[in-house]
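User: I am new to reading protein structures. Could you take me through the features one at a time, with the general idea before each case?

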Amino acid sequence: MKKNITINLCGRLFQIDEDAYELLQQYINSLRSSFGKQEGGDEIVDDIEARIAELFDELRQQGIEAITIEHVKEIITRIGKPEELTGEEGEKQQESNGTNWEEQARSAGQKIYENVRARVAGKKLYRNPKDKMLAGVMSGLAEYTNTDPVIWRFLAVLFTLCYGVGIPMYIVMALIIPEAKTPEQLLQMEGKDVTPQNLADVVVEKEKQPVQSPSVIRLLFTIFLKIVIAFSVIISIIVCIALSFGFFGVLIATVSAMVLPLNSTLPFSLGAMGLEGAWISNPKMLIIFVISLFLVLLLPIYAIIHMVLSLAGKIRPMGIVQRIVNIVLWLIAICIAVPLGITIVNYQNEYYQERYQINSTTTYQGVKMNEEDADFLRRGDWQLIKAQNCNHYTWCGDDYLGSNDVRFLDVYNAHCKEEFQVERREKVEPGIYQLTCYARAEGPGTFVYANSSEKILRPIPVKPDSVEGMGWYPITIDSIVVNSGSIGYGMSSDEAFTGEPCRAKYFSAMDFKLTRIADLQNKK
């Protein structure tokens, strides 16, 4: 059943079906476009419309009540295509004849290039729905390159036999290459001009094409492909949401870094994010890094949203050129962001070392450090068992009670490579003792320990709940047995001593207290 409409053509009313009307409208629009550049072109088109109305009258006198697309196609053939009426086709033929001598002068390599170019000229790559075994990928490639589909199908089988490589390649191409669904896309796939005549041929051919029942293999592959597409869409949406959070996080951090002072301790400031060194050393590099990071996050978000909307039929799918451009831009952004990120870390590390690292000739137990660190360790009678890759050894800040400007043991290395152990040894009477202190760590692998009759380790919790401020956490080592002599205690990140690698950029400890809680004879 087709829908008929009534049109007014040169003051006469005609019944015409919808497909025929669209074809007639395209034909008249193409005439006006072709003759619009000529003087008196509108009068020529009006005369052609009058001629079409006369031919429609003749059909009505023959007893035809509604004009069909076959009638319009026949009338277009009788009147002629726009390029035939304007003489453009003849001019193109003369130009091609005049350049034959140039083609003969080309080298063999240029002829091959021209041959390949001629095969794909004016074509777009689509999956071919008219000749498909599974999804129409191989037939679409054959149509695009003007070759036999058997060649491409043989190559697909050959790649499949090579460790199954052809299967994922086929699935990826089936997902990326769109299917030619509309008459316009079918003509673009075949490299034909999108003219009213050709559109009519496609519509008529599609109506006459018999409906074929799909084979079992094709049906199973279609179901499998739909499952893969649905799964890919779900995963893509999840990834898009995660990337969106990352994008807005980078956006908030960028705006905050622009507004807040450089040395601010508020979140998302350059100082809090550890980017002050990169900004002072090379601000242009940091700006380029942020822009590339935005592209790394934004391009996949755009591609996923575009894909979901196209699958929902809201917008047209991306063209192959647009997809390639997006992928190339994304890869370029990654290639810029990754090395710049590494360079920024190095800048920050150098800046931190330059700002806080040892700038004097002071040494403590053979280790070079600043005067404040040496003085604190000396007054606390701390012994450096091991100190490698440490940027500093003490720090002045807030303690676990919230007091300001309190100095305590603190070790830092931006790459978590510090190998540190400090110990205080006290002479005590035999008995059972308890060691308490407060400590904090940025990552695992750091310990507070007591060492007397046996070594007792207590890991410093990673990002613990703050007790009274600044993330400090109370640590207690009970039942330290001392038979005679002395007891040693301190903190360590040395894997040879603790048995675990250090993965903390910094760790701190303070307020060590050793308390005798029982005599040896009271232990049960």
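Analyst: Start with a single residue. At 60% relative accessibility, arginine 379 counts as exposed, because the cut-off for exposed is over 50%. Keep in mind that this is a predicted model.

User: What does arginine 379 meet in a salt bridge?

Analyst: Side chains of opposite charge can pair when their charged atoms come close. Here the side chain of arginine 379 meets that of aspartate 375, at 2.9 Å from N to O. Both residues lie in helix 17 (residues 371-379), 4 residues apart, which is about one turn of the helix. An α-helix has 3.6 residues a turn, so residues three or four places apart point the same way. Aspartate 375 is partly exposed, with a relative accessible area of 30%.

User: How many salt bridges does a search of the whole structure find?

Analyst: The search finds 10 salt bridges. One of them joins arginine 51 to glutamate 54, with the closest N and O atoms 3.3 Å apart. These two residues are both in helix 2, 3 residues apart, again about one turn of the helix. Arginine 51 counts as partly exposed at 35% relative accessibility, and glutamate 54 counts as partly exposed at 38%.

User: Which parts of the chain does the pair of arginine 12 and aspartate 57 link?

Analyst: First the pair itself: the side chains of arginine 12 and aspartate 57 meet in a salt bridge of 2.5 Å, N to O. This pair links distant parts of the chain, with arginine 12 in strand 2 and aspartate 57 in helix 2, 45 residues apart. Arginine 12 is partly exposed, its relative accessible area being 31%. Aspartate 57 has a relative accessible area of 17% and is buried, because the cut-off for buried is under 20%. Arg12 and Asp57 also belong, with Arg60, to a network of salt bridges.

User: Now the sheets. In what order do the 3 strands of the open sheet stand?

Analyst: Strands of a sheet pair through backbone hydrogen bonds, either parallel or antiparallel. In this open sheet the order is 1-2-3, and the pairing is mixed. Strand 1 (4-9) and strand 3 (66-67) are at the edges with a single partner strand each, so one side of each is left without a neighbour in the sheet. Strand 1 pairs with strand 2 (residues 12-17) in the antiparallel sense, over 6 bridges. As an example, asparagine 8 has leucine 13 in strand 2 as its bridge partner.

User: Which helix packs on the sheet, and which strands does that helix touch?

Analyst: Helix 1 (residues 18-35) packs on the sheet and touches strand 1, strand 2 and strand 3. The direction of helix 1 makes about 115° with that of strand 2. Helix 2 (residues 41-61) lies across strand 1, strand 2 and strand 3, and runs at about 75° to strand 2.

User: What are the partners of strand 9?

Analyst: Strand 9 (residues 419-427) pairs with strand 6 (residues 383-388) in the antiparallel sense over 5 bridges. Strand 9 also pairs with strand 14 (residues 486-492), antiparallel and over 7 bridges. Follow glutamine 421 in strand 9: this residue is the bridge partner of lysine 386, and serine 492 in strand 14 is a bridge partner of glutamine 421.

User: Is helix 11 largely enclosed or open?

Analyst: Count the buried residues. In helix 11 (residues 183-190), 6 of the 8 residues are buried, so this helix is largely enclosed by the rest of the structure. Among the buried residues are Gln185, Leu187 and Met189. After helix 11 comes glycine 191, with a positive phi near 80°.

User: Which helix gives the most to the nonpolar patch?

Analyst: Helix 16 (residues 320-356) gives the most, with 8 residues. The patch is on the surface, has about 730 Å² of accessible area together, and includes Ile288, Val325 and Ile336. Valine 325 is in helix 16 and is partly exposed, with a relative accessible area of 41%.

User: What share of the residues of the protein chain count as buried?

Analyst: Of the 524 residues, 37% count as buried. The chain has 18 helices and 15 strands. Its accessible surface comes to about 30,800 Å², and 58% of that belongs to carbon and sulfur atoms.

Technical notes
Residues numbered from 1 in each chain as written. Predicted model: local features only at pLDDT ≥ 70, side-chain atom pairs only at ≥ 80, totals over all residues. Heavy atoms only, no water. Pairing = 2+ DSSP bridges. Contact = heavy atoms within 4.5 Å. Axes fitted to C-alpha atoms, helices over the stretch in contact; angles between N-to-C directions. Buried < 20%, exposed > 50% of the residue type's maximum accessible area, 1.4 Å probe, protein only. Patch = residues over 30% accessible without salt bridge, like charges linked within 9 Å, V, L, I, M, F, W, Y side chains within 5 Å. Areas by Shrake-Rupley, 256 points an atom, 1.4 Å probe, with all protein chains shown as cover. Salt bridge = Lys/Arg side-chain N within 4 Å of Asp/Glu carboxyl O.
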